Amino acid sequence: MTVMSTYTVTVFQNNTSTSVPLSADQNLRDVLLEYGYPLNSPCGGNGTCGQCRVLFDGEYVSACKCIPNRNCVVTVPDTSASEVTMTSPLNIEASARGLGAAVDIGTTTVAVFLYDLESGLRIGVYGDRNAQHSFGADVISRIKYASEPNGLKRLSLIIRRQISGAVRVMCERVRRSVNEIRMISVAGNTVMQHIFTGISPESIGVFPYTPVSLFGCFYPAGEFFGDFAPNAGVYLCPALSGYVGGDITAGLLGSGAWNEEKTCLFTDIGTNGEMCIGNKEGFLCCAAAAGPAFEGAQTECGTHARKGAVHKVEFINKEIKFSVMGGCAAIGICGSGLTDAAAVLLRCGALTAAGRLLPPEEAPEKIKSKMTNRNGSVRYYFTDDVYISAEDIRCLQLAKAAVRAGIETLLNAAGKTFSDTSKMIAAGGFGSFMDVKNACAIGLLPPELLDRITHVGNSAGAGAALSLTERGRDNLKSLAEKCKYFELSESSSFSEKYIECMAFDETGKVWG
């Protein structure tokens, strides 16, 4: 009988240390996740993203590829600076005694808002990365993990604990009891809502992408949270399909799009790009798989929108300037910074319309010192450690082509044109920071709508907040019934549009 060796890993993080056991066949990523150390792992541990790096006995390694054969010391990245920068919904209609919590479960981030239901005042705000991020950056990775033994149970427990922990902390801050919680409303994409409720999302991952539930229903809080908030009910915002979820119906409500007289185009661009066209009479909705580039994942120096992220890049006096969230040293570049960078590199002549990032010898004189070409991989450096690469540009091209092709295919299916569209609403975290002029310049958004684009911030959170009241839930139910889902993959024109939209060829329409 073979006895498997066991080693001890001493883990340092946030100036504290803990010793955990590790068997000889385990990789570092798995054992660190098992003992509650979240890692940035957008590829879900497949070894392709290189972002789960830790300091292993003095050397940086990818945790998912490291299988120790001895006692070791590991330093895990500091999590103290992981607070998400976010917008939040305003106050709501006064309705009943007690407290309410509105939850927006994004694939990348989670936002929770605490309300005094009697006054309608918002009294607490929480925002952080979705604690499931270590199991993959996109919904496909989460579906895959949820299909593994105990995977769904683990993911469900992680998000429930994150939500209940957030509500508990906010209640303590305002000296209220969690026993006062009467209603918890949850908005998320369909996969996130399945995982939260413990329903398998596997059927959403295969054609015809059919969800088990479209929600729009109540549950007792005890079903998800045990003894936490024992007097509360939980409401799940209604979804429309496997890839147009409760976050989109809530977003239509929270943004006011549901009550527009004229034709309105609603977009929420993230790991999925959801688009809706219509007005108070109803909406036609679709979703395009953009991938996590807009959320700062699967790019070499990518990060989500947080302190230390390069979030704005400008071309001033023929020089490239950039801004960092929090005014500190740059640690990475988020989705809005990536979009800006592509637009600026286009404008200064370092990036071609076909998406080729020019090597130093071909780049404009004023910026060639910031560019390198290492074994055929061209990079532009903001700092010694933060850069945008030719591979990042390719990732951005694929993402923006999916969104733009989705918009154009949707409008065509609805029998609408840009001239018919009175307003375009940009929702979500990426939409909050996106420079619409740069987004139009790279062709992510239609330049024809540049002067009609409106930012609304976290509309899903706002819709979830409105759903804490009976009137809000009635409005949400009514608008969901007037929405129809359009499957892009079944449209022959979507593939053609996708290829057309790969090019960065619309700068002239923005800058002349």
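Visitor: Before we dig in, what does "exposed" mean here, and what relative accessibility does Glu 261 have?
Guide: Exposed means over 50% relative accessible area, while buried means under 20%. Keep in mind that this is a predicted model. Glu 261 counts as exposed, and its relative accessibility is 56%.

Visitor: Which residue does Glu 261 meet in a salt bridge?
Guide: The partner sits in the loop between β13 and β14, while Glu 261 is in the loop between α6 and β12, 19 residues apart. The N to O distance is 2.9 Å, and the residue is Lys 280.

Visitor: How many residues apart in sequence are the parts that Glu 448 and Lys 509 tie together?
Guide: Their side chains meet in a salt bridge at 3.7 Å, N to O. Glu 448 is partly exposed at 34%, and Lys 509 is exposed at 55%. Glu 448 lies in the loop between α10 and β22 and Lys 509 in helix α14, so the pair ties together parts whose separation in sequence is 61 residues.

Visitor: Over to the rings: is Phe 196 buried or exposed?
Guide: Phe 196 belongs to an aromatic cluster with Tyr 219, Phe 224, Phe 225 and Phe 228. Its relative accessible area is 0%, so Phe 196 is buried.

Visitor: Why is the pair of Phe 196 and Phe 224 called tilted?
Guide: The ring centres are 4.8 Å apart. Planes under 30 degrees apart would count as stacked and over 60 as edge-to-face, with the rest tilted. This pair is tilted because its planes meet at 50°.

How values were computed
Residues are numbered from 1 along each chain as its sequence is written. This is a predicted model: local features need pLDDT of at least 70, side-chain atom pairs count only at pLDDT 80 or more; totals for chains, interfaces and linings use all residues. Side-chain values use heavy atoms; hydrogens and water are left out. Rings of Phe, Tyr and Trp (its six-membered ring) pair if their centres lie within 6.5 Å; planes under 30 degrees apart count as stacked, over 60 as edge-to-face and the rest as tilted. Buried means under 20% relative accessible area, exposed over 50%, partly exposed in between (1.4 Å probe, protein chains only). A salt bridge is a side-chain nitrogen of Lys or Arg within 4 Å of a carboxyl oxygen of Asp or Glu. Helices (H or I, at least four residues) and strands (E, at least two) are DSSP runs, numbered from the N terminus.
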